[in-house]
Each structure stands twice: as C-alpha cells, then as structure tokens.
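Morning, everyone. Please have a look at the model on the screen, and then I'll walk you through a few parts of it.

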Amino acid sequence: MPLNPRQLTKNIGVEIIGLDLSKKTNGKTLQEIQDLFLEYQVLYFGQQNLSSAAHVRFGQIFGELQIHVMNQYHESAHPELYRLSNIGEDGKPNGIFPDQGTHAWHTDASWQEYTGQATIIYCELATSKGGDTHFSDMYGAYDRLSDDWRHKLKNMRAAHSLHFSRNRRHGHQPMTHEQRNSTPTVDHPICRTHPDTHKKSVFLGDHAEHIIGLPYETGRAWIDELNQLIVHDDLTYKHKWKQGDFLVWDNRCLMHRVENYDASREGRTIRRCTTIDPRRPH
Ligand SMILES: [Fe+2]
C-alpha cells in the first residue's frame with residue numbers, strides 16, 4: 001500500500017494516514033518512512049493502538065535504542081521506554097508535571113557523545129488543553145543566521161551537560177551520584193552537518209552549557225541569545241496530542257519543547273524511546 005503523506009507545515013512535519021503500526025510493515029514501506037523522516041523531520045501517525053513491545057520493535061527500525069540514564073522514568077518491562085505521566089497510584093492526576101526540563105527547547109541526548117537520532121513517542125493519554133509539543137526547524141535556523149553569527153560560530157563547539165540542564169530546571173530532584181558520574185560533559189559543533197542529508201543545522205538547546213574557548217559567562221550569554229534567535233514561529237510545528245498519536249522526529253535538525261498543562265486537573269501519559277546515532281556530530 002503506498003503511503004499517503006500530508007504535509008503539516010510548509011517546511012516540517014508530515015502525517016502518514018492509514019498505516020497500522022501494530023502490524024508488520026514491509027521493507028518498501030519502511031524505506032518510504034525513512035525517506036519521509038529525512039525529508040520532513042517529523043512523522044505523525046494518528047489513531048494507533050501500540051503495545052509497549054510493538055513500540056520498542058518499531059523504534060528499532062531507526063537504530064539502536066538508548067537506555068536513558070534517568071532510570072526513574074524507565075518502563076519496568078521495557079527499560080528502552082521513558083515514561084512521563086502525571087497519573088498517581090490512585091489513577092488520578094497528581095498535580096506534578098514530570099520532567100520539567102522538557103519545557104525548554106532542546107534536542108534529545110545532546111548531552112551524550114553519540115547524540116539522539118530519532119525520538120519515537122506514543123501518547124497513551126492526552127489532555128484537552130495544553131501539553132502540546134513544539135518542533136522548530138534547525139536547518140531553517142542555520143539558513144537564517146546572520147553572516148556575523150555564522151562567522152562567530154564557525155568551528156565553535158558547545159559543552160553539553162545533562163547535570164547542568166537538570167539542575168537548572170529540576171533542582172528539587174537532582175541526579176544521583178551514579179547518574180552524574182555516567183554522564184560527563186561532552187562537546188559538539190554548534191553548526192553541524194546532518195550525516196544523511198548533508199545539510200547544515202544549528203545544534204544547541206537547553207543542555208548546552210558553555211562554549212569551548214570562550215569565558216564561561218560569555219558562552220552562556222551567546223547560548224541564551226542563540227536559543228531564542230534560532231526559533232522561528234514560521235518554521236515551527238505545534239502538535240496537539242490525541243490519544244493513540246505516534247510521532248517520530250529527527251533530533252539532529254530539530255529542537256522541541258513541551259507546553260505546560262494543568263497537571264492537577266488533567267492526565268497526560270506519553271512513552272518514548274530514542275535511537276542513538278553511531279556517528280559523532282560533525
Ligand atoms: Fe525531549
């Protein structure tokens with residue numbers, strides 16, 4: 001069956017209609033999915049009914065799955081799945097927004113030496129208001145950088161640290177010593193070349209702490225300024241979640257963030273897995 005893609009915005013995002021991901025997908029269809037992933041950066045499959053096992057199986061199509069260091073979010077039977085929910089043990093909303101770091105623009109696993117490739121996410125429970133995920137195109141961000149910024153950023157590398165971003169946004173629930181020790185600070189080029197499309201993008205976000213070779217505060221100021229400058233409303237797709245929605249996105253050329261919602265009134269549960277690119281950013 002040929003895929004029936006529908007573009008979600010003029011530059012990023014495509015909806016693939018009529019494909020049941022719980023069933024085995026043939027090689028030709030998988031290749032089409034991979035091609036659309038590279039071309040549109042966000043894939044949206046609606047009205048799915050996917051078990052955790054099927055979710056992991058589909059995720060593996062995109063590469064090797066990360067086992068996230070923040071193991072308190074692991075789904076017990078499938079540690080590849082990172083589960084974020086505000087549903088308490090009594091089955092009701094507990095008022096706590098899980099992982100507040102996700103409010104800030106970021107790219108998944110930029111704090112690892114080998115960074116996030118695809119994030120594959122399934123919505124078990126959606127809110128009626130808020131909780132949307134926003135995606136912003138980092139190819140477009142690179143294209144729109146001023147000559148001055150392009151010159152300043154040439155060959156510059158940013159230091160990325162999960163401890164830095166976690167502490168900043170989630171200081172009341174710090175990382176354990178083991179978690180911290182297994183995530184040393186790494187550095188990546190600020191302007192990177194996508195290993196498959198060979199296009200340039202800006203690679204920063206909330207895990208970027210400082211810039212190698214600049215005084216710490218100067219690097220912080222540049223990163224704060226750039227993290228705002230590189231998000232353009234007309235290059236952004238905002239996804240309003242419905243139960244059964246399934247999204248795949250490319251962390252090498254996008255940033256994303258999650259809107260707040262009233263976690264004391266409405267329940268929201270998503271589970272995600274992320275594949276790691278075996279090629280270092282360059
Ligand atoms: Fe994320």
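**A loop residue and its surroundings**

Let's start with Glu 259. Setting aside neighbours within four places in sequence, Glu 259 is in contact with Gly 130, Gly 131 and Asp 132. Keep in mind that this is a predicted model.

Where does Glu 259 sit? It lies in a loop. That loop runs between strand S16, residues 254–258, and strand S17, residues 269–276.

Now look at Lys 129. In sequence, Glu 259 and Lys 129 are 130 residues apart. In space, their C-alpha atoms are 9.8 Å apart.

Is Glu 259 buried, exposed or partly exposed? Count the other C-beta atoms within 10 Å. There are 15, so Glu 259 is partly exposed. To be buried, a residue needs 20 or more.

Next, the sheet. Strand S16 belongs to an open sheet of three strands. The order is S14-S8-S16, and the pairing is antiparallel. Which strands stand at the edges? They are S14, residues 236–239, and S16. Each has a single partner strand, so one side of each has no neighbour in the sheet. From one strand to the next, the twist averages 20°.

A quick reminder on sheets in general. Strands pair through backbone hydrogen bonds, and the pairing is either parallel or antiparallel.

Let's zoom in on one pair. Strand S8 covers residues 133–137. S8 and S14 pair in the antiparallel sense, over four bridges. Find Ser 136 on your screen. Opposite Ser 136 stands Thr 236, in S14.

On to a helix. H5 covers residues 162–170. Which of its residues are buried? In H5, Leu 162, Ser 165 and Arg 166 are buried. Around the axis, they cover an arc of only 100°, which means they lie on the same side of H5.

Finally, zoom out to the whole protein. How many helices and strands are there? The protein has seven helices and 17 strands. Its radius of gyration is 18 Å. The globule rule gives 19 Å for 282 residues. Those values are close, so the protein is as compact as a globular protein of that length. Along the principal axes, the C-alpha atoms fill a box of roughly 50 × 45 × 30 Å.

Two last numbers. Of the 282 residues, 39% are buried. Then take the contacts between residues at least 6 apart in sequence. Of those contacts, 81% join residues at least 24 apart.

How values were computed: Residues numbered from 1 in each chain as written. Predicted model: local features only at pLDDT ≥ 70, side-chain atom pairs only at ≥ 80, totals over all residues. Helix = DSSP H or I, 4+ residues; strand = E, 2+ residues; numbered from the N terminus. Buried ≥ 20, exposed ≤ 12 C-beta atoms within 10 Å, placed from the backbone. Contact = placed C-beta atoms within 7 Å. Rg over C-alpha atoms; globule rule 2.2 N^0.38 Å. Arc of directions from axis to C-beta. Pairing = 2+ DSSP bridges. Axes fitted to C-alpha atoms, helices over the stretch in contact; angles between N-to-C directions.
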